[in-house]
Each structure stands twice: as C-alpha cells, then as structure tokens.
Amino acid sequence: PFDQERNIHFVDGAGFNRAVYGTNFLRTMKVRAQEQLDKFCDGDVCTTEFDYEMGMKATTIAEFENAFIAKVYGFADNVDYYQQTSCIYFLDGIAVPTLVVNAADDPFFDPDFFPLG
C-alpha cells in the first residue's frame, strides 16, 4: 500500500467497506492470531508476545493491528507499523522506471490518493 495510515480509514470507517471487507478481514485475522497463540505461546492468553485480549476484543482492523501485528513484529504501535511499511516513503529511492498499478475502485485504498501523476 502507498500509505497505510491514510488507507486504514477506508477499511475501518463506517459504511460498506467496513461492513463487508473490514469485518470479514478482521475475523480472519483473529482466527490467525488464535492459531499463532496455540502454536507459539502454548495457548497462554496471558502471553507477553502480544495483547491477546485486546486483539480478540478489537472491532476494527486498526485496533487489532495495534494489539497483535505491531507487537509481534516489533513496531511501537499500529501507526508506527503503517509508517514503516507504506511504500510512499520509499518510492523516491527507486532507481529504475517502475510501473505501479492500483485499481481506482479498490475498497482498501483512498480513491482520491494516487501519489504519482
């Protein structure tokens, strides 16, 4: 994604995207977190590897990413995760001609934001 911090609002915001995409994606993320808990933490819900309770109570992807993704991968929080993994900050460093393709109607992205003209 170009700018995950900007785009998370399109998935988590009220409306169709959250109801259809965000809710289903969040459900699959919680299943995956449970699998990780069972596999790597012996099912211990009190693990310090991530905030299991907060992750399972999350009602948005941003909340889940703050509780699980950021903790597991060593980011300070979900915003730090978004900033360090968004390609918008690295596009200027590409030394060869590059074609970036993104659907204008992709529900995970801000439809008004295309960083390149």
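Helices α1 (4-12) and α2 (16-40) pack at an angle of about 100°, with their axes 6 Å apart. Axes here are lines fitted to C-alpha atoms, for helices over the stretch in contact, and angles run from 0 to 180 degrees between N-to-C directions. α1 and α2 are therefore roughly perpendicular to each other. Angles of 65 to 115 degrees count as roughly perpendicular, under 35 as roughly parallel, over 145 as roughly antiparallel and the rest as oblique.

This is a predicted model: local features need pLDDT of at least 70, side-chain atom pairs count only at pLDDT 80 or more, and totals for chains, interfaces and linings use all residues. Residues are numbered from 1 along each chain as its sequence is written, and side-chain values use heavy atoms, with hydrogens and water left out.

**The chain as a whole**

The protein chain has five helices and zero strands. Helices (H or I, at least four residues) and strands (E, at least two) are DSSP runs, numbered from the N terminus. The C-alpha trace spans about 50 × 35 × 20 Å along its principal axes. Of the 117 residues, 36% count as buried. Buried means under 20% relative accessible area, exposed means over 50%, and partly exposed lies in between (1.4 Å probe, protein chains only). Take contacts between residues at least 6 apart in sequence: 56% of these join residues at least 24 apart. Contact means heavy atoms within 4.5 Å.

**Two helix pairs**

A second pair is helix α4 (residues 61-72) and helix α5 (residues 78-85). α4 and α5 are roughly perpendicular to each other too.

| Pair | Angle | Axes apart |
|---|---|---|
| α1 and α2 | about 100° | 6 Å |
| α4 and α5 | about 85° | 8 Å |

Phe10, Val11 and Asp12 of α1 meet Asn17, Arg18 and Gly22 of α2. By class, this α1 with α2 contact has two nonpolar, two polar and two charged residues. Ala, Val, Leu, Ile, Met, Phe, Trp, Tyr, Cys and Pro count as nonpolar, Asp, Glu, Lys and Arg as charged, and the others, Gly among them, as polar.

α4 packs on α5 with Ala62, Glu65, Asn66, Ile69 and Ala70, while α5 brings Asn78, Tyr81 and Tyr82. The contact of α4 with α5 has five nonpolar, two polar and one charged residues.

**The core**

In soluble globular proteins, nonpolar side chains tend to be buried together. A nonpolar core is a set of buried Ala, Val, Leu, Ile, Met, Phe, Trp, Tyr and Cys residues joined through side-chain atoms within 4.5 Å. The largest one here has 19 residues. Phe50, Ile61, Phe64, Phe68 and Ile69 touch the most other members. α1, α2, α4 and α5 each give two or more residues to this core. The largest share, six residues, comes from α4.

Leaving aside neighbours within four places in sequence, Ile61 is in contact with Ile8, Val11, Asp12, Gly22, Phe25, Leu26 and Met29.

**Two other residues**

Met56 lies in helix α3 (residues 52-57). Met56 is partly exposed, with a relative accessible area of 25%. Not counting residues up to four places away in sequence, Met56 touches Lys30, Ala33 and Gln34.

Asp42 sits in the loop between α2 and α3. Asp42 is exposed, with a relative accessible area of 72%. Asp42 has a positive phi of about 55°, although it is not a glycine.
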